Amino acid sequence: MSDQHINECLANLIEVTADAEASFHAAAGEVRSEEARLLLLNRAQRYGQATASLRAAAAARGGGPAARHRPELQRIGPADEAHILDECERKECAVAVAFRDALDRRLPTELGAVIAAEFETLLGSLGSLRTAGERAARQRRFVAGQPV
């Protein structure tokens with residue numbers, strides 16, 4: 001794999017983790033429950049750590065990958081907590097796919113190890129957003145008087 005392809009792969013991971021961090025911070029400001037807010041803030045922190053680790057790996061390779069233009073974050077908009085958590089879960093799945101795709105490439109051993117370690121950390125928390133989203137949906141249905 002050429003250095004250009006390696007740098008593009010690394011730039012993509014940095015982009016998706018930085019975007020996830022910002023999105024989860026924004027989502028934390030939109031939810032009502034303290035439990036969901038703390039979950040989203042924790043997840044944003046994990047993505048921030050992953051971004052920092054990937055940037056350090058890029059610097060160790062002799063410089064950072066070229067910065068890409070990222071569109072402005074779109075506010076999730078007026079939505080209930082269950083919808084916000086579902087959207088965050090989708091974003092998290094997209095990040096997992098980006099990491100999995102990166103690991104399928106022939107990366108230098110040291111870079112592959114960094115990416116694999118960050119991927120394992122991120123995988124450890126998959127499912128918690130779904131659980132929180134399902135709980136929020138049940139609460140919404142209960143408040144609305146629908147069968148839970």
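Mentor: Let's start with a term we'll need: a residue is buried under 20% relative accessible area, exposed over 50%, and partly exposed in between, using a 1.4 Å probe and protein chains only. By that rule, Y47 is buried, with a relative accessible area of 1%.

Trainee: Before I go on, what kind of model is this, and how are residues numbered?

Mentor: It's a predicted model, where local features need pLDDT of at least 70, side-chain atom pairs count only at pLDDT 80 or more, and totals for chains, interfaces and linings use all residues. Residues are numbered from 1 along each chain as its sequence is written, and side-chain values use heavy atoms, with hydrogens and water left out.

Trainee: How many helices and strands does the protein have?

Mentor: Helices (H or I, at least four residues) and strands (E, at least two) are DSSP runs, numbered from the N terminus. Here you get five helices and zero strands, so to speak α-α-α-α-α from the N terminus on.

Trainee: How do I read a pair of aromatic rings?

Mentor: You describe it by the distance of the centres and the angle of the planes. Rings of Phe, Tyr and Trp (its six-membered ring) pair if their centres lie within 6.5 Å; planes under 30 degrees apart are stacked, over 60 edge-to-face, and the rest tilted. This structure has two such pairs. In one, F24 and Y47 sit 5.4 Å apart centre to centre with 55° between the planes, which makes the pair tilted. That pair links distant parts of the chain, with F24 in helix α1 (residues 3-28) and Y47 in helix α2 (residues 34-60), 23 residues apart.

Trainee: Why does F24 count as buried?

Mentor: Because its relative accessibility is 0%.

Trainee: And what is the geometry of the F99 and F119 pair?

Mentor: F99 and F119 are stacked, at 5.9 Å centre to centre and 5° between the planes. This pair also links distant parts of the chain: F99 belongs to helix α3 (residues 81-103) and F119 to helix α4 (residues 109-123), 20 residues apart. Both F99 and F119 are buried.

Trainee: What about N12: where is it found?

Mentor: N12 is in helix α1, and it's partly exposed, with a relative accessible area of 27%. Its C-alpha atom is 9.9 Å from that of V95, 83 residues away along the chain.
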